[in-house]
Amino acid sequence: MHQDLLEKLAKLCELPGPTGREEKVLEFVTEELSRFMDVSTDQVGNVVSTLPGKQQHSWIISAHADEIGYLIRSIEDDGFLRLAFNTGAEVPDTRFLPGQQLKILTDTDNYVIGVVGLKSGHLAGKEGKKVLPKMSSLYLEIGANSAEEVKDDFGVAIGNPVVFDTRTRLLGKDDNFAYGKAMDDRSGLLVLLELAERLSEIPRSSRPTLRLVCTVQEEIGVKGVHSIASYLRSEGVVSKVVCVDVGPVGDTPGTAKLATPHLNKGPIIVVKDSMMHYDRQLVLGLTRTANKYDIPVQRCVYENYGSDAVGFFSSGGFPSSLVAIPCRYTHTPFEMISLRDLIATIELLSKFVSNKLW
Ligand SMILES: [Zn+2]
């Protein structure tokens, strides 16, 4: 099913691009977008590409490059490494970390693989097995015997970022479910790449002016977007914004009361979250577009959630909306999306920006 789309999704997800070190993702996106659009990068790393069309009809579609991860916090004398979180979450999550294979991005282009260790079951004892692991009891093992070896032979230094080292895989009888690391937000970036291709095929006189933005540093509190939003504002750009990100779902055991969207029921039009109200006209326009073209969508209100749209709204002054790709197990190494939802998101946005139904 959609082999080329799937290959591109796996390629994007498997690129290491932690917050602050997004360069591999930005390079790939720049290369892909350059086939259809003029691409430039601002001083902090955000990528913006433009496909000229009708002046009075202008869209910014945005997704973030970075993924959640960790940082090397300290190096112990015996060669074990301690980790810090590389995320803006108020209460960082250790539940998914023990036993994971991780990839350290060193100061050069080299990677070092490690595994997160914890006292084994034989040694933890009855009581030890009941305790949720704290960050202070977890460590990263790279096979080094001393701090000197870590630094001199492996080239690992304090502050090096660390990501999950997970392949993208498929599940389900028609291979509809894809899971792995960084679906958040590489699946959103894939939507941008597909939009670039589709809209470039429409003659300039009948398509909207399209700006595709790939932001940095979203995962530590939507930091990168503010600079590109203020830049676009200072350039006099008048546009409406759709951010594309993943959205949590409440369709797995024990989650029904925590979120209303489901996997496989279409893209999520977010009305409000903990950071902002999304633009009402855009919410209505997206809903009308979905109805007209028979694209399944879900509307939702999120708590404990926010997106880059707040940067476009607050620092750019742009009416902003958010379309989320439903995702199970967000911020884990096995984030899971439905390929049907992904295709419906591409379909919804290409119809939305090329037809004036808002
Ligand atoms: Zn995200």
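Across which strands does helix 9 lie, and at about what angle does helix 9 run to strand 17? Helix 9 lies across strand 11 and strand 17, and its direction makes about 65° with that of strand 17. Helices here are DSSP runs of H or I with at least four residues, strands are runs of E with at least two, and both are numbered from the N terminus. Angles run from 0 to 180 degrees between N-to-C directions, with axes being lines fitted to C-alpha atoms, for helices over the stretch in contact.

The model is a predicted one, in which local features need pLDDT of at least 70 and side-chain atom pairs count only at pLDDT 80 or more, while totals for chains, interfaces and linings use all residues. Residues are numbered from 1 along each chain as its sequence is written.

The chain is divided into domain 1, made of 3-67 + 181-354, and domain 2, made of 69-164; these bounds come from an automatic or database domain assignment. The C-alpha centres of the two domains lie 31 Å apart, and 13 residues of domain 1 are in contact with 12 residues of domain 2, where contact requires C-beta atoms, placed from the backbone, to lie within 7 Å. On the side of domain 1 that touches domain 2 there are four nonpolar, five polar and four charged residues. In this classification Ala, Val, Leu, Ile, Met, Phe, Trp, Tyr, Cys and Pro count as nonpolar, Asp, Glu, Lys and Arg as charged, and the others, Gly among them, as polar.

The strands that helix 9 lies across, strand 11 and strand 17, belong to an open sheet of three strands in the order 10-11-17, with antiparallel pairing; two strands pair if DSSP finds at least two bridges between them. Strand 10 (169-171) and strand 17 (335-338) are the edge strands, each pairing on one side only, and the twist from one strand to the next averages 30°. Between strand 10 and strand 11 (residues 177-180) there are three bridges in the antiparallel sense, and Leu170 has Ala178 in strand 11 as its bridge partner.

Helix 9 (residues 339-354) also meets helix 5 (residues 183-200), their axes coming within 10 Å and crossing at roughly 45°. Helix 5 is therefore oblique to helix 9, a class that holds the angles left over once those under 35 degrees are counted as roughly parallel, those over 145 as roughly antiparallel and those from 65 to 115 as roughly perpendicular.

The residues in contact are Lys8, Leu9, Leu12 and Cys13 of helix 1 and Met183, Arg186, Ser187, Leu189, Leu190 and Leu193 of helix 5, which by class are seven nonpolar, one polar and two charged. A cis peptide bond, with omega of about 10°, joins Asp184 and Asp185, and Asp185 is placed in helix 5.

An open sheet of eight strands has the order 1-2-12-3-13-16-14-15, with mixed pairing. Strand 1 (38-41) and strand 15 (298-301) stand at its edges with a single partner strand each, so one side of each is left without a neighbour in the sheet. The twist averages 25° from one strand to the next. Strand 3 (residues 54-64) and strand 13 (residues 240-248) run parallel and are joined by four bridges, with Val241 in strand 13 as the bridge partner of Ile60. Helix 2 (residues 23-33) packs on the sheet, touching strand 1, strand 2 (47-51) and strand 12 (208-215), and its direction makes about 10° with that of strand 2.

Notes
Two residues are in contact if their C-beta atoms, placed from the backbone, lie within 7 Å.
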